[in-house]
Amino acid sequence: MSPADTLKNSPAFLAHPFDDDKLKEECGIFGAVGVLDAANFVALGLHALQHRGQEAGGIVVHDPEQGFNSVRRFGYVRDNFTKASVMEALPGPIGIGHVRYSTAGSKGNTAMRDVQPFFGEFSMGGAAIAHNGNITNADALRRELIEHGSIFQSSSDSECIIHLMARSFQNSHTERLKDALRRVEGAFSVVAMTRTKLIGVRDALGVRPLVLGKIGDGWVLSSETCALDIIGAEFVREIEPGEMVVISAENGIESHRPFEQKKSRFCIFEHVYFSRPDSILGGRSVYETRRQIGVELARENPVDADLVCPVPDSGTPAAIGFSQESGIPYAMGIIRNQYMGRTFIEPSEHIRNMGVRLKLNVNRALIRGKRVILVDDSVVRGTTSRKIKEMILDAGAAEVHFRIASPPTQWPCFYGVDTPQREKLLAATMSEEEMRKHLSVDSLKFISLDGLYRAVGEAEGRNNASPQYCDACFSGQYPVEPSDQISKGFKLQAAE
Ligand code: SF4
């Protein structure tokens with residue numbers, strides 16, 4: 001069986017047979033230093049970040065006696081990094097790890113060579129990196145590097161960083177990493193390690209998250225705070241946009257500013273969907289933000305109905321907020337089967353074609369004869385929304401009203417989130433009324449961009465002259481020009 005077939009039949013892949021109608025975060029990253037057996041902490045951290053990438057994961061560690069070691073595997077962290085035989089091969093007080101959902105590189109067909117962290121041997125010793133985000137000039141960089149003799153081992157954009165480090169003339173890993181990242185455009189949060197140093201960096205706009213935590217005498221870096229909680233680490237602070245932190249036993253934490261200072265443009269979709277609801281982003285509880293999105297959605301788009309039901313699980317906090325604001329009772333009208341991925345290890349094509357029904361089922365007794373408001377986080381292709389609507393109507397609902405906790409997704413993301421091409425995005429090709437007819441629902445309404453900004457704490461809404469977040473997938477206004485895509489023919493929105 002080829003690696004791609006192995007992946008397609010893995011529980012991790014089968015757990016999400018219909019999730020191609022969701023945007024997917026590319027990666028989660030985690031690093032630890034100054035702790036006994038860092039790999040155990042990294043594995044637990046990656047387990048808590050599994051929602052950011054389920055295709056594959058990897059861990060690199062360094063031990064003063066045994067040097068660098070690494071393990072990379074397809075599938076869930078829990079299935080790969082819990083076995084004693086694997087963890088015993090990963091000794092040492094410093095380590096980094098990565099969970100992957102492929103965007104750049106061999107999309108949907110992950111090869112082992114694309115599984116991070118990536119490792120490079122330099123004149124001053126080895127170093128490994130793990131990257132969350134997407135390099136928007138990776139094609140141009142790769143061409144240039146290959147012309148100058150670099151031999152790439154993977155199809156991943158992130159490998160450019162290792163080759164750019166190799167070409168730098170600086171005499172420390174830290175300075176070489178700065179040189180490399182100054183050539184890189186796009187979005188990146190990076191954790192890197194040498195024999196003694198753990199390094200964390202965010203791009204100048206801070207598009208993707210990265211936080212710092214403390215555990216005993218050690219330190220950790222993580223995509224999200226939920227991974228600090230699982231190991232009992234204390235949240236210290238977010239790594240700031242454009243900041244590099246270098247952490248070592250000798251010097252503690254050093255903060256560097258390798259890039260030109262810019263106004264932060266954090267990904268607003270992290271608040272809507274990607275991050276876990278128990279994480280803290282920008283000092284705000286993700287759960288509370290999502291509940292507030294539901295409140296704004298109910299204010300902007302009221303409708304007479306009997307029940308507010310979430311599309312589980314990501315629509316749940318917004319549905320709670322919608323119910324609280326509207327006074328319409330909240331109910332679990334759709335039940336999610338949490339064990340589907342473990343039950344159908346190798347389903348037949350016929351079973352897999354059941355799609356949504358494998359994972360979601362309607363609570364018929366509750367729904368029958370009711371006017372139902374369904375709250376979901378987003379509409380991408382609309383295929384899942386249609387199937388859910390059919391299930392609700394089959395169960396005897398009198399009316400179905402969709403309320404969506406994000407504005408219409410009209411543009412692809414080039415900053416580390418897997419989005420279909422623009423033509424495949426329902427909202428890019430249809431008006432709201434056309435989408436309503438296409439989905440055959442009684443009403444369909446999205447939160448406005450201003451409403452979303454209010455929910456994330458911007459009382460005045462979006463500052464159109466200088467937006468506070470990246471919202472390119474809704475607005476078409478890309479904070480970093482996606483140069484590779486433009487050279488492949490992608491058309492930016494015409495200036496007004
Ligand atoms: S384009 Fe959308 S998903 Fe991508 S970084 Fe910007 S807000 Fe986030």
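Predicted model: local features only at pLDDT ≥ 70, side-chain atom pairs only at ≥ 80, totals over all residues.
## Exercises on strands, helices and loops

In strand S21, Val-375 is the bridge partner of Pro-310.

**Exercise 1. Find which strand S21 is joined to, how many bridges join them, and in which sense they run.**

Solution. Start from S21, which covers residues 371–376. Four bridges join S21 to strand S18, and the two strands run parallel. Now look at the side chains of S18. Leu-307 and Cys-309 point one way, while Val-308 and Pro-310 point the other way. Are these residues buried or exposed? All of them are buried.

**Exercise 2. Work out the strand order of the open sheet of seven strands, and name its edges.**

Solution. Walk across the sheet, and you meet the strands in the order S4-S3-S5-S2-S11-S10-S12, with antiparallel pairing. The edge strands are S4 (67–74) and S12 (234–238), each of which pairs on one side only. From one strand to the next, the twist averages 15°.

Next, zoom in on one pair. Strand S10 takes in residues 211–215 and strand S11 residues 218–222; five bridges link them in the antiparallel sense. Within this pair, Leu-212 stands opposite Leu-221 of S11.

**Exercise 3. Compare the reach of helix H11 with the expected span, then list its buried residues.**

Solution. Helix H11 runs over residues 286–300, which makes 15 residues. From its first C-alpha to its last, H11 reaches 21 Å, close to the 21 Å expected at 1.5 Å a residue.

Then check which residues are buried, using the cut-off of under 20% relative accessible area. The buried residues of H11 include Val-286, Thr-289, Arg-290 and Arg-291. Further along, Ile-293, Gly-294, Val-295, Glu-296, Leu-297 and Ala-298 are buried too.

Finally, look at the start of H11. There, a side-chain oxygen of Ser-285 comes to within 3.3 Å of the backbone nitrogen of Tyr-287.

**Exercise 4. Decide how H11 and helix H12 are placed relative to each other.**

Solution. H12 spans residues 316–326, and it packs with H11 at an angle of about 45°, the axes being 6 Å apart. Angles under 35 degrees would count as roughly parallel, and 65 to 115 as roughly perpendicular. H11 and H12 are therefore oblique to each other. What is the handedness of the crossing of H11 and H12? It is right-handed.

**Exercise 5. Find where Asp-37 and Ser-440 lie, and give the phi of each.**

Solution. Take Asp-37 to begin with. Its phi is near 50°, a positive value in a residue other than glycine. Asp-37 belongs to the loop between strand S2 (27–33) and helix H3 (38–48). With 36% relative accessibility, Asp-37 counts as partly exposed.

Now turn to Ser-440. Although Ser-440 is not a glycine, it has a positive phi of about 55°. The loop that holds Ser-440 lies between helix H19 (432–439) and strand S24 (443–446). Ser-440 is partly exposed as well, its relative accessible area being 44%.

Methods
Residues numbered from 1 in each chain as written. Heavy atoms only, no water. Expected span 1.5 Å × (residues − 1). Buried < 20%, exposed > 50% of the residue type's maximum accessible area, 1.4 Å probe, protein only. Polar contact = N/O pair within 3.5 Å; in protein donor to acceptor, adjacent residues only side chain to side chain. Pairing = 2+ DSSP bridges. Axes fitted to C-alpha atoms, helices over the stretch in contact; angles between N-to-C directions. Parallel < 35°, antiparallel > 145°, perpendicular 65-115°, else oblique. Left-handed = near helix turned anticlockwise from the far one by under 90°.
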